[in-house]
Amino acid sequence: MRRSWKPLAVATTAVLLLTIVAAGSGLAHSRNTITANNEFSFKPNKALNVEFRFKPGTLRIGHGEKLTFQEGPAIPPSPEVEAHTLSIVAKSDVPQTIEEVFACEACGPILAGHDPDNTGEPPFNPVVNVGKPGLNQPGDSILITNEDPVIKARVTAQAGTTLRFICSIHPWMQGKLIVD
């Protein structure tokens, strides 16, 4: 009985192509990853939509585990991606209205921690810890930029804690870390 090699070749080629596509994306896809997605859309004389968001918006992570925070792909027409922070804030500091987004009181001190010289130019401080090392309390923040598109930080908050976070540059980007 003669066996055909064609089904095996097709399956091997499909697996190889999927591997190449996944590797070429440059994005980690671990369970402890939050990606800052940047999307734009435009309707003449109607709207320019800026859809920056965290994906996922809520992440369960174990106490002591490392979190990867990364940039999503650049979306044309811009060849670059936006800088973003994953900044821990108190529940009461999460903006709930458009007015609170534009007057984010928690954002200024966090941004000052990333840019201590107040120049708006690199080098920036990619990790801000206000207390114990790791992500565990309001004021802790990590920054991703074109120069540093992936940052890893350990989540050191106690199990049972819910950490709320925002992007202190774009405070409508909001999410939660549920620490197990």
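Is glutamate 39 buried, partly exposed or exposed, and what is its relative accessibility? Glutamate 39 counts as partly exposed, at 30% relative accessibility. The points below concern a predicted model.

1. Overall make-up. The protein has 3 helices and 10 strands. Along the sequence these elements follow the pattern α-β-β-β-β-β-α-α-β-β-β-β-β. Of its 180 residues, 33% count as buried.

2. Glutamate 39 is the partner of arginine 53 in a salt bridge whose closest N and O atoms are 3.1 Å apart. The pair links distant parts of the chain, with arginine 53 in strand β2 and glutamate 39 in strand β1, 14 residues apart. Arginine 53 has a relative accessibility of 33% and therefore counts as partly exposed. Glutamate 39, at 30%, counts as partly exposed too.

3. Arginine 60 and aspartate 180 meet through their side chains in a salt bridge of 3.4 Å, N to O. Arginine 60 belongs to strand β3 and aspartate 180 to the segment after β10; the two are 120 residues apart, and the pair links distant parts of the chain. Aspartate 180 is partly exposed, with a relative accessible area of 46%.

4. Strand β3 and its neighbour. Arginine 60 also figures in the strand pairing: β3 and β10 pair in the parallel sense over 4 bridges, and arginine 60 stands opposite isoleucine 178 in β10. In a regular strand the side chains alternate between the two faces of the sheet.

5. Aromatic pair of Phe52 and Trp172. The structure holds 4 aromatic pairs. Phenylalanine 52 and tryptophan 172 form one that is stacked, with 6.3 Å centre to centre and 25° between the planes. The pair links distant parts of the chain: phenylalanine 52 is in strand β2 (residues 47-55), and tryptophan 172 is in the loop between β9 (162-166) and β10 (174-179), 120 residues apart. Phenylalanine 52 is buried, because its relative accessible area is 6%, whereas tryptophan 172, at 38% relative accessibility, counts as partly exposed. Ring pairs link Phe40, Phe52 and Trp172 into a cluster.

6. Aromatic pair of Phe54 and Phe69. A pair of aromatic rings is described by the distance of the centres and the angle of the planes. For phenylalanine 54 and phenylalanine 69 these values are 6.0 Å and 50°, and the pair is tilted. Phenylalanine 54 lies in strand β2 and phenylalanine 69 in strand β4 (residues 66-71), so the pair ties together parts that are 15 residues apart in sequence. Both phenylalanine 54 and phenylalanine 69 are buried.

7. Helix α2. Valine 101 has its place in helix α2 (residues 98-102). Its relative accessibility is 12%, so valine 101 counts as buried. Which residue has its C-alpha atom 5.6 Å from that of valine 101? The residue is proline 171, 70 residues apart from valine 101 along the chain.

8. Largest pocket. The volume of the largest pocket is about 170 Å³. Its lining consists of Ala83, Leu111, His114, Asp115, Gly120, Pro122, Phe124, Leu143, Thr145, Glu147 and Ile169. By class, the lining residues divide into 6 nonpolar, 3 polar and 2 charged.

Conventions
Residues numbered from 1 in each chain as written. Predicted model: local features only at pLDDT ≥ 70, side-chain atom pairs only at ≥ 80, totals over all residues. Heavy atoms only, no water. 1 Å grid on protein atoms, 1.4 Å probe; cavity = no way out; pocket = protein on both sides within 12 Å on 5 of 7 lines; lining within 4 Å. Points joined across faces, edges and corners; volume = space filled by probe spheres on them. Nonpolar A, V, L, I, M, F, W, Y, C, P; charged D, E, K, R; others polar. Phe/Tyr/Trp six-rings, centres within 6.5 Å; stacked < 30°, edge-to-face > 60°. Buried < 20%, exposed > 50% of the residue type's maximum accessible area, 1.4 Å probe, protein only. Salt bridge = Lys/Arg side-chain N within 4 Å of Asp/Glu carboxyl O. Pairing = 2+ DSSP bridges.
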